[in-house]
Amino acid sequence: MSTYPRTYDFIHGDSVFSLYQNRCNMEDILLEMDRILRPKGSVILRDDVDVLVKVKSIADAMQWDTKITDHEEGPYQREKILVAVKEYWTAPPPEQIQESKS
């Protein structure tokens, strides 16, 4: 779906990654979410815990702030909820770049 020129503050996905696991790469779905989500925008994903652990590792690498929480029916449910916030992504200050080269 075309999103131009829109951006979003909030995206909710219910079993999106399980639904498309044999058709799309997780990275591609997350990159598309990153493209249309404003900085400080939120994503709530509901899916199987094994799927969300993989999604969390990718989202963490994308510099998102992520947290997996239990299903509303308790911790023994396989379905979990991932809450992620897209952070501002900036380069480190020049001083830190010089220090790392030393």
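In what sense do E3 and strand E4 pair, and over how many bridges? E3 and E4 (residues 79-86) pair in the antiparallel sense, over six bridges. This is a predicted model, in which local features need pLDDT of at least 70, side-chain atom pairs count only at pLDDT 80 or more, and totals for chains, interfaces and linings use all residues. Residues are numbered from 1 along each chain as its sequence is written, and side-chain values use heavy atoms, with hydrogens and water left out.

**Overall layout**

- The chain has four helices and four strands. Helices (H or I, at least four residues) and strands (E, at least two) are DSSP runs, numbered from the N terminus.
- Along the sequence, the pattern reads β-α-α-β-α-β-β-α.
- The C-alpha atoms fill a box of roughly 50 × 35 × 25 Å, taken along the principal axes.
- Of the 102 residues in the chain, 29% are buried. Buried means under 20% relative accessible area, exposed over 50%, and partly exposed in between (1.4 Å probe, protein chains only).
- Take the contacts between residues at least 6 apart in sequence: 68% of them join residues at least 24 apart. Contact means heavy atoms within 4.5 Å.

**The sheet**

- Four strands form an open sheet in the order E1-E2-E4-E3, with mixed pairing. Two strands pair if DSSP finds at least two bridges between them.
- E1 and E3 are the edge strands, and each pairs on one side only.
- From one strand to the next, the twist averages 10°. Axes are lines fitted to C-alpha atoms, for helices over the stretch in contact, and angles run from 0 to 180 degrees between N-to-C directions.
- E1 and E2 run parallel and are joined by six bridges. Phe-10 has Ser-42 in E2 as its bridge partner.
- E2 and E4 run antiparallel and are joined by seven bridges. Leu-45 has Leu-82 in E4 as its bridge partner.
- E3 and E4 are antiparallel. Trp-64 stands opposite Lys-86 in E4.

**Helices on the sheet**

- H2 packs on the sheet and touches E1, E2, E3 and E4. The direction of H2 makes about 145° with that of E2.
- H3 also packs on the sheet, touching E2, E3 and E4. The direction of H3 makes about 160° with that of E2.

**The buried side of H2**

- In H2 (residues 26-36), the buried residues are Met-26, Ile-29, Leu-30, Met-33 and Ile-36.
- These residues lie on the same side of H2, because they cover an arc of only 130° around the axis. The arc is that of the directions from the helix axis to the C-beta atoms.
- Their cover includes strand E1 (8-14), helix H1 (16-19), strand E2 (37-48), helix H3 (49-61) and strand E3 (64-69).

**H2 against H3**

- H2 and H3 pack at an angle of about 55°, with their axes 10 Å apart.
- That angle makes H2 oblique to H3. Angles under 35 degrees count as roughly parallel, over 145 as roughly antiparallel, 65 to 115 as roughly perpendicular, and the rest as oblique.
- Met-26, Glu-27 and Leu-30 in H2 meet Val-51, Lys-54, Val-55, Ile-58 and Ala-59 in H3.

**Glu-72**

- Glu-72 lies in the loop between E3 and E4.
- Glu-72 counts as exposed because its relative accessibility is 56%.
- Apart from neighbours within four places in sequence, Glu-72 is in contact with Arg-46 and Ile-81.
- Glu-72 and Thr-90 are 18 residues apart along the chain, and 35 Å separates their C-alpha atoms.
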